[in-house]
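Here is a quick tour of a protein model, written for someone who likes cut-offs spelled out. Have a look at the sequence and the fold, then read on.

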Amino acid sequence: MNFPDKQPIIEFTHRLRSRYGETDRMGYAYYGRYLEYFEVARTEMIRSYGLSYREMEDSGVMLPVIHAELEYKMPITYDEEMHIKVMVYEIPSVRLQTFYEVRTSVSDKVHVFGEVTLCFMDRETRKPLRAPESFLKGIKGQLNG
């Protein structure tokens with residue numbers, strides 16, 4: 001997986017503990033859960049900027065995933081605290097491209113790399129549109145603060 005070869009403009013880390021019901025028969029966090037973990041971290045990043053997915057959707061803007069990619073390096077087991085780092089390298093326009101590194105308290109090595117691209121979309125027409133000004137203002141406020 002290739003991350004951009006520059007410093008991210010935004011970094012946000014969310015802590016989350018793997019739960020028993022999320023593990024498979026081997027005792028590992030089930031591979032399909034990582035997209036959910038990414039969503040939780042991304043949502044909390046957006047919330048930390050004073051923004052809300054709900055408010056954006058209520059205003060008629062949806063943000064569906066259009067691309068997702070994961071690379072698994074090491075398993076995470078039940079009850080491990082994950083440190084899910086979300087990185088954004090460019091101010092979003094029509095797309096919001098986010099990158100992820102998942103580490104744990106057990107190992108400083110990256111367990112999972114990820115990339116998720118979302119597209120701002122008009123709820124009624126289902127056509128792409130530019131990121132709402134309120135979203136951009138919240139993101140840009142983090143760059144200056």
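This is a predicted model: local features need pLDDT of at least 70, side-chain atom pairs count only at pLDDT 80 or more; totals for chains, interfaces and linings use all residues.

Buried means under 20% relative accessible area, exposed means over 50%, and partly exposed is what lies in between, all with a 1.4 Å probe and protein chains only.

Residues are numbered from 1 along each chain as its sequence is written, and side-chain values use heavy atoms, with hydrogens and water left out.

Leu118 sits in strand S6; helices (H or I, at least four residues) and strands (E, at least two) are DSSP runs, numbered from the N terminus. What does Leu118 touch, not counting residues up to four places away in sequence? The list is Arg42, Tyr53, Leu63, Pro64, Val65, Ile66, Val94, Arg95, Leu96 and Thr98, where contact means heavy atoms within 4.5 Å. Ala68 is 50 residues away from Leu118 along the chain, and their C-alpha atoms are separated by 8.9 Å.

His14, found in strand S1, has 17% relative accessibility and so counts as buried. Leaving aside neighbours within four places in sequence, His14 is in contact with Val40, Ala41, Glu44, Met82, His83 and Ile84.

**The core**

A nonpolar core is a set of buried Ala, Val, Leu, Ile, Met, Phe, Trp, Tyr and Cys residues joined through side-chain atoms within 4.5 Å. The largest one here has 32 residues, and Met45, Ile84, Phe120 and Phe135 touch the most other members. At least two residues of this core come from each of S1 (10–17), H1 (33–48), H2 (53–58), S4 (81–88), S5 (95–104), S6 (112–119) and H3 (133–144). H1 gives the largest share, 6 residues.

**Strands around S5**

Two strands pair if DSSP finds at least two bridges between them.

| Strands | Direction | Bridges |
|---|---|---|
| S4 and S5 | antiparallel | 6 bridges |
| S5 and S6 | antiparallel | 8 bridges |

S4 and S5 form a hairpin with 6 residues between them. Ile84 has Val102 in S5 as its bridge partner, and Glu101 stands opposite Phe113 in S6. Why is S5 largely enclosed by the rest of the structure? Because 7 of its 10 residues are buried.

**Rings**

Rings of Phe, Tyr and Trp (its six-membered ring) pair if their centres lie within 6.5 Å; planes under 30 degrees apart count as stacked, over 60 as edge-to-face and the rest as tilted. The structure holds 10 aromatic pairs. One of them is Tyr34 with Tyr72, edge-to-face at 5.7 Å centre to centre and 65° between the planes. That pair links distant parts of the chain, with Tyr34 in helix H1 and Tyr72 in strand S3 (residues 65–72), 38 residues apart. Tyr34 is buried at a relative accessible area of 3%, whereas Tyr72 counts as partly exposed at 40% relative accessibility.

Phe38 and Tyr100 form a stacked pair, 4.1 Å centre to centre with 5° between the planes. This pair also links distant parts of the chain: Phe38 in helix H1 and Tyr100 in strand S5, 62 residues apart. Both Phe38 and Tyr100 are buried. Finally, ring pairs tie Tyr30, Tyr31, Tyr34, Tyr37 and Tyr72 into a cluster.
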